Amino acid sequence: MKSYKVGDETYTGLPQDAVIISQKNENYHSILLINDLNEISTFFVLDYGEDKFKYTTATKSVLLRSFSTNEAFLRRGHALKALQLLPNYIHKNYSAVKKIVLGVNEKNLAAQSLYEKAAFAKESQTYIGKKENNLFLVRKYRN
């Protein structure tokens, strides 16, 4: 994790902090995407706990949080690929889940664009988060 750098921490949690939470919280699953050279390119958390209910009433859902790309891999398609692979990963490992939800800061236009390219849809609601307004983005899928 030492070689993993987040260039702009404005809109995301640090992987190092999330890993510590994962060690103490069984509903908080840190996911590392590693390339062929054993380098960590992308990081995120799948949170099955109560925080998801800030974004949805669906019990068969998971909250995607702390999504980031290692600074060394920015703009190379790693983040989009990770998001495109996510539904299949969840289906194989957590088959009861039918919906992936996340919140993204309304000022983080790059992240909104990325999530929309990965088939997440904007919901009309907003949630006042720790770092200003978060828009709801949801991806529903069938198993």
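Biologist: Among contacts in the protein between residues at least 6 apart in sequence, what percentage join residues at least 24 apart?

Modeller: The model is a predicted one. The count takes in contacts between residues at least 6 apart in sequence, and then asks how many of these join residues at least 24 apart. That share is 56%.

Biologist: Which pattern do the helices and strands of the protein follow along the sequence?

Modeller: The protein has three helices and six strands. Buried residues make up 41% of its 143 residues. Read along the sequence, the order of the elements is α-β-β-β-α-β-α-β-β.

Biologist: Are α2 and α3 parallel, perpendicular or oblique to each other?

Modeller: Two packed helices are described by the angle between their axes and the distance between the axes. Helix α2 (residues 78–93) and helix α3 (residues 109–117) pack with their axes 9 Å apart, at an angle of about 45 degrees. Angles under 35 degrees count as roughly parallel and those from 65 to 115 as roughly perpendicular, so α2 is, relative to α3, oblique.

Biologist: How many residues in the contact of α2 with α3 are nonpolar, and how many are charged?

Modeller: The crossing of α2 past α3 is right-handed. On the α2 side the contact is made by Ala-79, Leu-80 and Leu-83, and on the α3 side by Leu-114, Tyr-115 and Lys-117. No polar residue takes part; the division is five nonpolar and one charged.

Biologist: How far apart in space are the C-alpha atoms of Gly-77 and Leu-114?

Modeller: Gly-77 is found in the loop between β3 (61–69) and α2, and its relative accessible area of 40% makes it partly exposed. Leu-114 is one of the α3 residues in the contact with α2. Along the sequence Gly-77 and Leu-114 are 37 residues apart, while in space their C-alpha atoms are separated by 9.8 Å.

Biologist: Is Val-62 buried or exposed?

Modeller: Val-62 is found in strand β3. Leaving out residues up to four places away in sequence, Val-62 touches Leu-46, Asp-47, Tyr-48, Lys-52, Ile-90, Val-97, Lys-99, Ile-100 and Val-101. Its C-alpha lies 8.5 Å from that of Leu-102, a residue 40 places away in sequence. The cut-off for a buried residue is under 20% relative accessible area; at 0%, Val-62 is buried.

Biologist: Is Lys-99 buried or exposed?

Modeller: The place of Lys-99 is in strand β4, and Lys-99 is among the residues that Val-62 touches. Its C-alpha is 9.2 Å from that of Thr-56, which is 43 residues away along the chain. With a relative accessibility of 17%, Lys-99 counts as buried.

Biologist: What distance separates the C-alpha atoms of Lys-98 and Lys-60?

Modeller: Lys-98 is found in the loop between α2 and β4. At 36% relative accessibility, Lys-98 counts as partly exposed. Lys-98 and Lys-60 are 38 residues apart along the chain, and the separation of their C-alpha atoms is 5.6 Å.

Biologist: What is the phi of Ser-66?

Modeller: Most residues other than glycine have a negative phi. Ser-66 lies in strand β3 and is buried, with a relative accessible area of 16%. Although Ser-66 is not a glycine, its phi is positive, at about 55 degrees.

Biologist: What value is the phi of Ala-119 near?

Modeller: Ala-119 lies in the loop between α3 and β5 (121–129). Its relative accessibility of 48% makes Ala-119 partly exposed. Ala-119 is a residue other than glycine with a positive phi, near 75 degrees.

Biologist: Leaving aside neighbours within four places in sequence, with which residues is Ser-22 in contact?

Modeller: Ser-22 is found in helix α1 (residues 15–24). Its relative accessible area is 18%, and Ser-22 is therefore buried. Beyond its neighbours within four places in sequence, its contacts are Tyr-28, His-29 and Ser-30.

Note on methods. Residues numbered from 1 in each chain as written. Predicted model: local features only at pLDDT ≥ 70, side-chain atom pairs only at ≥ 80, totals over all residues. Heavy atoms only, no water. Axes fitted to C-alpha atoms, helices over the stretch in contact; angles between N-to-C directions. Helix = DSSP H or I, 4+ residues; strand = E, 2+ residues; numbered from the N terminus. Parallel < 35°, antiparallel > 145°, perpendicular 65-115°, else oblique. Left-handed = near helix turned anticlockwise from the far one by under 90°. Contact = heavy atoms within 4.5 Å. Nonpolar A, V, L, I, M, F, W, Y, C, P; charged D, E, K, R; others polar. Buried < 20%, exposed > 50% of the residue type's maximum accessible area, 1.4 Å probe, protein only.
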